[in-house]
Amino acid sequence: MTHADPFVSSLRPTAVELPESGIVRVMNYGRDREGLIPLWAGEGDMPTPDFISDAAHRSMRAGETFYTHQRGIPELRDAIARYLGRLYERTTDPERIFVTGSGMQAIQIAIQAVAGPGDEVVIPTPAWPNFAAAAEISGARPVCVPFDFGPDGWQLDLDRLLAACGPRTRALFINSPANPTGWTISKDEIDRILAFVRERGIWLIADEVYSRFYYHGDLAPSFQHAVTPDDRALLVNTFSKNWSMTGWRMGWLQAPPEIGQVIENLIQYNTSGVAVFMQRAGITAIEEGEPFVAEQIERARRGRQIACEALAPLNRARFAWPDGSFYLLVGIEGYDDTNRLAERLVDEANIGLAPGTAFGPGGETFLRICYARSAESMSEAMERLTGWIEAN
Ligand SMILES: Cc1ncc(COP(=O)(O)O)c(C=O)c1O
């Protein structure tokens, strides 16, 4: 694609200038390699369990194939509210729940609702690139504040983050546990950020899709415990990660009921809602899926251990044991061009890692490993990676 092409040059510049996802680029490079172990995408190796898929089949066969509620069917909104209530020991009003076509769409709608041309959205980076891209599509400017990487791992300098919020800032975007660093916010940081956004009248967009994947307890510290009905807070979540439903494209947004009509309109004009049979499967996932979620968490915990223990003896590997999510970033001394490095690892080690350049300022010299895989597959992948590092 070139900007000189008459088709391309007649498009909206904001659309043309969106960057290609650096994760997808390397996936396309290595997609068909025989025997490649893919640790590049943000998903594990377990398919959706049958009991969830069966619920979708039953609903489809029962004829639930028509247009439906834009905010989500009431039964699913109730189930999500009960799930959050159980998890965070707090009553959640189903009127705050909006079912969306993925966590990505929850992010997109949250940003569309609050930020447009001339506005800024402040985002700590390295981060999943879709946060900044969603701001850009909306016409807003992402303002990236890099994490620091040091002996204590990834740290967020809150003074620097809050100082980056200026008069044009409409939203502060916090993803914890974080993709790709594994950084996880503390209770004190939550309180400080909330106090700041309250004082400034800024929206908080909190993406907590990895909240169950936390390695120092059962549940990561969460804004769910701290936000009040008066807060300008939009909370993003998804079915993708806990229940291995990445291909389904279903998530939810928690928003103040006062803006319910606006969110409903945005859903209507973006996708017009999520298929009822998928929502039925969502209810089953939530109501019957806890043993499966526990299995997924255990798999990630084990994968994390295998990955970190394999890297620890290597002097040339820079990484920190991640506190949460199912990723870790590793830098390899002497290999700062991680786009090229990711391609070489495909060609020479038959493993797929995501280049850090994909994740914005601060991540360029690292590779992202997704470790939500079976112990056998992770051990084999790490043998290939460490073998390659030792030989090069
Ligand atoms: C931090 C974060 N938020 C949201 C999502 C969106 O997930 P999905 O669109 O599959 O629901 C992802 C996916 O990788 C993610 O890493």
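A residue counts as buried here when its relative accessible area is under 20%. Keep that in mind as we walk through this structure, which is a predicted model.

Let's start with helix α3, which covers residues 22–30. Five names matter here: G22, I23, V26, M27 and G30 are buried. How do they sit around the helix? Looking down the axis of α3, you'd find the buried residues within an arc of 140°, so they line one face of the helix.

Now follow α13, residues 338–349, to another partner: helix α14, residues 375–391. The axes of these two helices come within 11 Å and cross at roughly 110°, which means α13 is roughly perpendicular to α14. On the α13 side, the contact is made by L341, R344, L345, E348 and A349, while α14 brings in R384, L385 and W388. Sort the residues of this contact by type and you get five nonpolar, three charged and no polar.

Finally, hop back to H3, which is in the segment before α1 (6–9). Leaving aside residues up to four places away in sequence, H3 touches V8, S9, V16 and E17. As for T271, 268 residues from H3 along the chain, the C-alpha atoms of the two are separated by 29 Å.

Note on methods:
Residues are numbered from 1 along each chain as its sequence is written. This is a predicted model: local features need pLDDT of at least 70, side-chain atom pairs count only at pLDDT 80 or more; totals for chains, interfaces and linings use all residues. Side-chain values use heavy atoms; hydrogens and water are left out. Axes are lines fitted to C-alpha atoms, for helices over the stretch in contact, and angles run from 0 to 180 degrees between N-to-C directions. Helices (H or I, at least four residues) and strands (E, at least two) are DSSP runs, numbered from the N terminus. Angles under 35 degrees count as roughly parallel, over 145 as roughly antiparallel, 65 to 115 as roughly perpendicular and the rest as oblique. Contact means heavy atoms within 4.5 Å. Ala, Val, Leu, Ile, Met, Phe, Trp, Tyr, Cys and Pro count as nonpolar, Asp, Glu, Lys and Arg as charged, and the others, Gly among them, as polar. Buried means under 20% relative accessible area, exposed over 50%, partly exposed in between (1.4 Å probe, protein chains only). The arc is that of the directions from the helix axis to the C-beta atoms.
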